[in-house]
Amino acid sequence: MQTMAGSEDQKFSLQEVLDTFKLCLSENKEVYLEQYVAGWRGLVKFLNSLGSVFGFISKDAVSKIQILVSYMKGENASHYATVQSMVKYELDNNLVDVNKKGSHPESGCRTLLRLHRALRWLELFLDRLRTSTEDSKTSALCAEAYNESLAQHHPWMIRKAAGMAFLVLPGRQTFFEVMNVGPPEQVVAKLGEALPLISEVYQITEDLYAQHNLLDLP
Ligand SMILES: CCCCCCCCCCCCC/C=C/[C@@H](O)[C@H](COP(=O)(O)O)NC(=O)CCCCCCCCCCCCCCC
């Protein structure tokens, strides 16, 4: 049963997500897995607060978060401190299916890649929200961001389902309210603060994956 504290816990705040992405990078620009995952947990909260139509999306995100957490808590936990150490460890030990699915269908590398691609969608979507006007349609902003990013990795069925979910997104005003940061000007300012952080985490991961030829992991 859901307790009061439990439902409080479910409340999204953009600030909280911003904070976790801030804490994501180490001094030498490695990406801490724990904070990365925490950032996604916050985003999933947001998605859940928008209603059950988005359940199939948040379910997939949660299952990927869980896979990563199980590595982070597993016997090789020390190798799963940062994205960099995870990539090195899994590659050095042949724990990644590189060309087609085989004995490691749920490697940390391929799992994180799915979230990484979704982070690009987030970056594009938040930037559109930030520069949107009162009469902008969130569904259109979301669809544009999706088509430019994640959609290219999704089969037709998923694209169709995603497109239908976007249509029932709340309007800009409600959307901004759910972010819990105050009036629209403040939301826009917060988004301006969050975006460079998200972009940096995205770019560092992208470069790392490119360097190791991991951008097309099955
Ligand atoms: C606010 C609107 C939210 C719209 C979310 C846009 C993303 C649409 C993604 C549709 C994914 C459908 C579910 C299935 C996906 C998987 O097939 C597919 C491939 O995985 P596989 O290789 O293991 O099979 N998975 C993925 O691509 C990972 C998708 C992860 C999506 C996470 C989305 C979280 C959204 C958080 C919204 C936060 C908004 C914040 C505003 C302040």
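1. The model is predicted: local features need pLDDT of at least 70, side-chain atom pairs count only at pLDDT 80 or more, and totals for chains, interfaces and linings use all residues. Residues are numbered from 1 along each chain as its sequence is written, and side-chain values use heavy atoms, with hydrogens and water left out.

2. Leu208 belongs to helix 10, residues 184-211. Helices are DSSP runs (H or I, at least four residues), numbered from the N terminus, and strands are runs of E with at least two residues. Not counting residues up to four places away in sequence, Leu208 touches Val83, Gln84 and Val87, where contact means heavy atoms within 4.5 Å. Between Leu208 and Cys142 the separation is 66 residues in sequence and 27 Å in space, C-alpha to C-alpha.

3. Tyr71 is a residue of helix 4. Its relative accessibility is 26%, so Tyr71 counts as partly exposed. Apart from neighbours within four places in sequence, Tyr71 is in contact with Asn76, Ala77, Tyr80, Glu90, Glu106, Ser107 and Gly108. Tyr71 and Leu112 stand 41 residues apart in sequence and 12 Å apart in space, C-alpha to C-alpha.

4. A nonpolar patch on the surface is formed by Val53, Leu167 and Val168, which together have about 290 Å² of accessible area. Patches take residues with over 30% relative accessible area and no salt bridge; like charges are joined within 9 Å, and nonpolar side chains (Val, Leu, Ile, Met, Phe, Trp, Tyr) within 5 Å. The areas come from the Shrake-Rupley method with a 1.4 Å probe, and for residues only the protein chains shown count as cover. Val53 is partly exposed because its relative accessible area is 44%.

5. The structure holds 10 salt bridges, each being a side-chain nitrogen of Lys or Arg within 4 Å of a carboxyl oxygen of Asp or Glu. One of them joins Asp127 to Arg130, with the closest N and O atoms 3.0 Å apart. Asp127 and Arg130 are three residues apart in helix 6, and so are separated by about one helical turn. Both residues are partly exposed, Asp127 with a relative accessible area of 32% and Arg130 with 31%.

6. Which residue forms a salt bridge with Glu144? The partner is Arg128, and the closest N and O atoms are 2.7 Å apart. Glu144 lies in helix 7 and Arg128 in helix 6, so this pair ties together parts that are 16 residues apart in sequence. Glu144 counts as partly exposed at 38% relative accessibility, whereas Arg128 counts as buried at 18%.

7. Arg128 also takes part in a salt bridge with Glu148, the closest N and O atoms being 2.7 Å apart. This pair links distant parts of the chain, with Glu148 in helix 7 and Arg128 in helix 6, 20 residues apart. Glu148 counts as partly exposed, at 45% relative accessibility. Elsewhere, salt bridges that share partners join Lys22, Lys190 and Glu193 into one network.

8. The largest pocket holds about 820 Å³ of space. Of the 35 residues lining this pocket, Leu47, Ile57, Ala118, Trp121 and Leu150 are the closest to its centre. A pocket is an open set of points on a 1 Å grid over the protein atoms alone, with protein on both sides within 12 Å along at least five of seven lines, and lining residues have an atom within 4 Å of a point. At least two lining residues come from each of helix 3, helix 4, helix 6 (108-130), helix 7 (138-148) and helix 8 (156-167). Helix 6 supplies the largest share, eight residues.

9. A cavity is a set of grid points where a 1.4 Å probe fits but cannot get out. Grid points are joined across faces, edges and corners, and a volume is the space filled by probe spheres set on the points. The count is one cavity of 30 Å³ or more, and the largest cavity has about 30 Å³ of space. The lining of the largest cavity consists of Leu14, Val17, Leu18, Leu43, Leu122, Leu126, Ala194 and Ile198.

Definitions and conventions: Buried means under 20% relative accessible area, exposed over 50%, partly exposed in between (1.4 Å probe, protein chains only).
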